[in-house]
Amino acid sequence: MPRKRTTRTQSGGASATAARSKPPLPKGLKAADLVDYYTRMVQARSLDERIWALNRQGKVPIAASSQGHEAAQLGSLLAAEKDGDCFLFPYYRDLALKIAAGLTPVQVMMSFMGKAGDPYSNGRQFPLQGADLPHKIIQISNVVAAGLTQSVGYAMGCRMSGDETVVLVYFGDGATSQGETHEAMNFASVHKLPVVFICENNRYAISTPQTSQMAIEEIASRAAAYGFPGFTVDGMDLVQCYEATREAITHARAQGPVLLEMSVERFMSHTTDDDDRRYRPEGEVERARERDPVMTLGRTLIEEGILTQKQVDEIAAEALRATDEATDVAEASSPPDESNLHDSVYSP
Ligand SMILES: Cc1ncc(C[n+]2csc(CCOP(=O)(O)OP(=O)(O)O)c2C)c(N)n1
Ligand SMILES: [Mg+2]
């Protein structure tokens, strides 16, 4: 991987023509992987939409949506799974990633409805927040940028115990304005730690646009200041995100950190507590939805003759069925029992 280079890939034109002129699949990627990840993506989108609707019905207290970020999250996850020796530190917007990594729809709904079956915290934390060690995932809190220093510490621990783990840490554009991001990137570079920093740049930190936060266009260019490479990729394109992450993992293991900026679109408000109509220009979200990563991948799979329209419809129907079932199961489940209130609380 070349050092200190940033690239701006073409965006805004994921049309049928662009999809048709795509080069062959990158090394290590099979058509079956794309079908598998498309299926996971459709399931994640279906759950995400339901969670938002349940919030409006008063059944889910709060949620941050990953709609629009799915290709970035799943493309990088696919690279991590192919590598087989990665540990992930996602942030609160990485719902699709956490689902695709292996949580069942029932577990997801239990967590968002604060039920006892929540696999992360038994319904006592912000949804899907904590440690999901079976899937090699940790997200301790919603403190912006805190995951970066934690992940770098984890990478240092892996190095000290002599294992081959590469850490992938996820964060937003706004997180790069935090001092903790500087500390994490600098420390990781000085010690050449195996960390892939993945910035899901949706150009907003809640209501604050990127232009009010920084005078640079590409967040990837920040990497130069720490002495490691940074790249910008189209975060709406799963294959591109896969390929960039795969290369970044190889580089991180051999030489140290990499920063990947994935340009994405936030389709929903910041969280269910926000109303983005107050600060986003009219038509911006509608235009962004023309590049919907779920739609684009489905269309590509049909155009490439990998799936038929009928199979795409069946995938959607099965996802909806699983979402319906999970909603019913979670709604009928009990909240956590007060007898275990102190079970996961630190006691010196
Ligand atoms: C240290 C800290 N400051 C402020 C907040 C409040 N806050 C929550 S999310 C957020 C915006 C983060 O934006 P970005 O990093 O771009 O991620 P996005 O939500 O756009 O994916 C802010 C300011 C927080 N959680 N932690
Ligand atoms: Mg953002």
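Hi everyone. Let me start with a definition: a residue is buried if 20 or more other C-beta atoms lie within 10 Å of its own, exposed if 12 or fewer, and partly exposed in between, with C-beta atoms placed from the backbone. By that count, 47% of the 348 residues of this protein are buried.

Two housekeeping notes. This is a predicted model, where local features need pLDDT of at least 70 and side-chain atom pairs count only at pLDDT 80 or more, while totals for chains, interfaces and linings use all residues. Residues are numbered from 1 along each chain as its sequence is written, and chains are lettered from A and ligands numbered from 1 in the order in which they are written.

Now the overall picture. The protein has 13 helices and 9 strands; these are DSSP runs numbered from the N terminus, helices being H or I with at least four residues and strands E with at least two. The radius of gyration is 20 Å, close to the 20 Å that the globule rule gives for 348 residues, so the protein is as compact as a globular protein of that length. For the record, that radius is taken over C-alpha atoms, and the rule is 2.2 Å times the number of residues to the power 0.38. Along the principal axes, the C-alpha atoms fill a box of roughly 60 × 55 × 40 Å.

The expected span here is 1.5 Å times one less than the number of residues. After helix 2 comes Gly-58, with a positive phi near 80°.

Helix 3, residues 70–83, passes that check too: its 14 residues should span 20 Å, and its end C-alpha atoms are 20 Å apart. Helix 3 is mostly covered, with 11 of its 14 residues buried, including Glu-70, Gln-73 and Leu-77. Gly-84 follows helix 3, and its phi is positive, near 85°.

Last stop: Ser-344, in the segment after helix 13 (309–331). Ser-344 is exposed, with 11 other C-beta atoms within 10 Å. Its C-alpha atom is separated by 9.4 Å from that of Arg-124, 220 residues apart along the chain. Thanks, everyone!
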